[in-house]
Amino acid sequence: MVTKLWARAREVIVLAPKRTLIVVAVLVGIVILYVLGNEKQQQNSGTNNANAPASTACRVAVTADVLNVRAAPDVKSQIVGKFKLNAEADAEKVVQNGFRKLSEGRWVSTDFIKPLQGRDC
């Protein structure tokens, strides 16, 4: 039965006009690109809160004039960015050595941030 179906599918493909095959191939390509794009976007989101509703995911506000973002949870770690007073950022629940993890390779001191009201931090 499978052999008959495969033979029939091959006949349809051979007999189909070239334009139809091109349209089908383009549509399949678009679907593949869409799926790959969504997977990449989810991987690059930078937080483990992807499944949490946006209104309750951990988000913090900066309380210092300038806050250094560091590569690791250590005051001697390389500075990889900065935030100004009242800036907001998504964060993770992970806290080590007095630093909260924002995303992979991005940490800020817990002394100079506060969780936003109603957020799960």
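Predicted model: local features only at pLDDT ≥ 70, side-chain atom pairs only at ≥ 80, totals over all residues.
Is Glu88 buried, exposed or partly exposed?

**Stop 1**

Select strands E4, E1 and E8. Together these three strands form an open sheet, in the order E4-E1-E8. Their pairing is antiparallel. Look at the two edges next. Strand E4 covers residues 88-90 and strand E8 covers 113-115. Each has a single partner strand, so one side of E4 and one side of E8 have no neighbour in the sheet. Now turn the view to see the twist. From one strand to the next, the twist averages 30 degrees.

**Stop 2: strand E1 and its partners**

Colour residues 59-62, which make up strand E1. E1 and E8 are antiparallel and pair over three bridges. E1 and E4 also run antiparallel, joined by three bridges.

Pick Val60. On the E8 side, Val60 stands opposite Pro115. On the E4 side, Val60 stands opposite Ala89. Then move to Val62. Its bridge partner in E8 is Ile113.

**Stop 3: the nonpolar core**

Keep Val60, Val62, Ala89 and Ile113 selected. These residues are among the 12 in the largest nonpolar core. In soluble globular proteins, nonpolar side chains tend to be buried together.

**Stop 4: the charged network**

Show the side chains of Arg59, Glu88 and Asp90. Salt bridges link these three residues in a network. Side chains of opposite charge can pair when their charged atoms come close.

Start with Arg59 and Glu88. The closest N and O atoms in this salt bridge are 3.2 Å apart. Arg59 sits in strand E1 and Glu88 in strand E4, so this pair ties together parts of the chain 29 residues apart in sequence. Now back to the opening question: Glu88 is partly exposed, because its relative accessible area is 42%.

Next, select Asp90 with Arg59. Their side chains meet in a salt bridge at 2.8 Å, N to O. This pair, too, links distant parts of the chain: Arg59 in strand E1 and Asp90 in strand E4, 31 residues apart. Asp90 counts as partly exposed, at 42% relative accessibility.

**Stop 5: past the sheet**

Which residue forms a salt bridge with Lys93? Select Asp120. The closest N and O atoms of Lys93 and Asp120 are 2.6 Å apart. Lys93 lies in the loop between E4 and strand E5 (95-96), while Asp120 lies in the segment after E8. Check the exposure of both ends. Lys93 is partly exposed, with 47% relative accessibility. Asp120 is partly exposed as well, with a relative accessible area of 42%. The model's salt bridges come to four in total.

**Stop 6**

Finish on helix H2, residues 18-43. Select Val26, which lies in this helix. Ile22, Val26 and Ile30 make a nonpolar surface patch of about 290 Å². Val26 has a relative accessible area of 48%, so Val26 counts as partly exposed.

Definitions and conventions
Residues numbered from 1 in each chain as written. Heavy atoms only, no water. Patch = residues over 30% accessible without salt bridge, like charges linked within 9 Å, V, L, I, M, F, W, Y side chains within 5 Å. Areas by Shrake-Rupley, 256 points an atom, 1.4 Å probe, with all protein chains shown as cover. Helix = DSSP H or I, 4+ residues; strand = E, 2+ residues; numbered from the N terminus. Buried < 20%, exposed > 50% of the residue type's maximum accessible area, 1.4 Å probe, protein only. Pairing = 2+ DSSP bridges. Axes fitted to C-alpha atoms, helices over the stretch in contact; angles between N-to-C directions. Core = buried A, V, L, I, M, F, W, Y, C linked by side-chain atoms within 4.5 Å.
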